Structure formats: C-alpha cells, structure tokens
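Me: I should like to learn how to read a protein structure, one feature at a time. Could you guide me through the one shown here?

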Amino acid sequence: STLVRPGGTLVLDEPINDSVIVITEGIVKAWGARGQVDMPNDSVGLDMRRKWIVPTTSLETDTPANFDILKADPSAVTDTTDQLFATLRQGEFSALEEDTGWQ
C-alpha cells in the first residue's frame, strides 16, 4: 500500500510548506510541495497540517521512511522532545497523541 503525508512542513535545509511525502512499503518514493508530487489513486492519507516533519535519516528517493513529526517548528524551540507528536520508522506510524488525522 501507499501512504501519503499531506500538509505539513517538511524540514530540510529549505523547509517545504504544505508538503507531500509518498511512502510505499516503508520506502520513500517521492516528496515535495503539494501539487508537484504525483499521489497514487490508491493512497491512504495522513493529515499533517500544522505539523513539522523531520527526516531522521538522509531523505532520498528509495530510502527507508524515517521521520519525527513535531507539534512545533524545531527552529523555534530549544528542546524538541516535548514537541514530538509521532514517529514514522520504515513506514510504521506510531502516534504519541490520539488525534492522528487519518483520512
């Protein structure tokens, strides 16, 4: 199956607002701004609006999908530990809060 994470800010050297990350079988297949990334018709979405998506490993196509999802801009806080909303490790989503926004 394919998982798409629309809406959050993907934190890179240049942050991408309203981003989309396409993940298939735990592997990153595409990422970028919404409207610039093809989303498969059979995808399942996770609403990440008002979240910051931080890659925990190198973000490249065909690499394992490993991200921390934060409730606040990591550049605006001194300790991101309290801001952790969820984790994504090789496609496995673990919410730390109940409202995960599945669509």
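The dialogue that follows takes up confidence, strands, core and individual residues in turn.

Me: What kind of model is this, and how are its residues numbered?

Reply: This is a predicted model, in which local features need pLDDT of at least 70, side-chain atom pairs count only at pLDDT 80 or more, and totals for chains, interfaces and linings use all residues. Residues are numbered from 1 along each chain as its sequence is written, and side-chain values use heavy atoms, with hydrogens and water left out.

Me: What average pLDDT does the protein chain have?

Reply: The term pLDDT denotes the predictor's confidence in each residue, on a scale from 0 to 100. Where pLDDT is low, the predicted coordinates should not be read in detail. Here the protein chain averages 83, and 87% of the residues score at least 70. Among the elements, strand β6 (residues 52-55) has the highest mean pLDDT, 92, whereas strand β1 (residues 2-4) has the lowest, 64.

Me: How many helices and strands does the protein chain have?

Reply: Both are DSSP runs numbered from the N terminus: helices are H or I runs of at least four residues, and strands are E runs of at least two. This protein chain has nine strands and zero helices.

Me: Which strands make up the open sheet, and in what order?

Reply: Strands of a sheet pair through backbone hydrogen bonds, either parallel or antiparallel. Two strands are taken to pair if DSSP finds at least two bridges between them. In this model, five strands form an open sheet in the order β2-β6-β7-β8-β9, with mixed pairing. Its edge strands, β2 and β9 (92-95), each pair on one side only.

Me: In which sense do the neighbouring strands run, parallel or antiparallel?

Reply: β2 and β6 are parallel, with two bridges; within this pair, L10 stands opposite I53 in β6. β7 and β8 run antiparallel and are joined by five bridges, with N66 facing R89 in β8. The pairing of β8 and β9 is also antiparallel, over four bridges, and there R89 stands opposite E92 in β9.

Me: Where are the hairpins?

Reply: One hairpin is formed by β8 and β9, with two residues between them, and Q90 in its turn has a positive phi of about 50 degrees. Another consists of β3 and β4, again with two residues between the strands; in this hairpin E25 takes a positive phi near 50 degrees. Six bridges join β3 to strand β4 (residues 27-33) in the antiparallel sense, and V22 stands opposite A30 in β4.

Me: Which residues have the most contacts inside the largest nonpolar core?

Reply: In soluble globular proteins, nonpolar side chains tend to be buried together. A nonpolar core is a set of buried Ala, Val, Leu, Ile, Met, Phe, Trp, Tyr and Cys residues joined through side-chain atoms within 4.5 Å. The largest such core here has 16 residues, and L10 and F67 have the most contacts inside it. β3 (19-24), β7 (66-70) and β8 (84-89) are the elements that give two or more residues to this core; β8 gives the most, with three.

Me: With which residues is F67 in contact?

Reply: Contact means heavy atoms within 4.5 Å. Leaving aside neighbours within four places in sequence, the contacts of F67 include L10, I21, I23, V28, I53 and L88.

Me: Is T9 buried or exposed, and what does its side chain do?

Reply: Buried means under 20% relative accessible area, exposed over 50%, and partly exposed in between (1.4 Å probe, protein chains only). T9, which lies in strand β2 (residues 9-10), counts as buried because its relative accessibility is 13%. Its side chain makes a polar contact (a pair of N or O atoms within 3.5 Å; within protein, one must be able to donate a hydrogen and the other to accept it, and residues adjacent in sequence count only if both atoms are side-chain atoms) with the side chain of N17, at 3.0 Å.

Me: Where do P74 and R50 lie, and why is each classed as it is?

Reply: P74 is in the loop between β7 and β8, and its relative accessible area of 22% is why P74 is partly exposed. The C-alpha atoms of P74 and W52 are 7.6 Å apart, although 22 residues separate them along the chain. R50 is in the loop between β5 (44-45) and β6; R50 counts as exposed because its relative accessibility is 65%.
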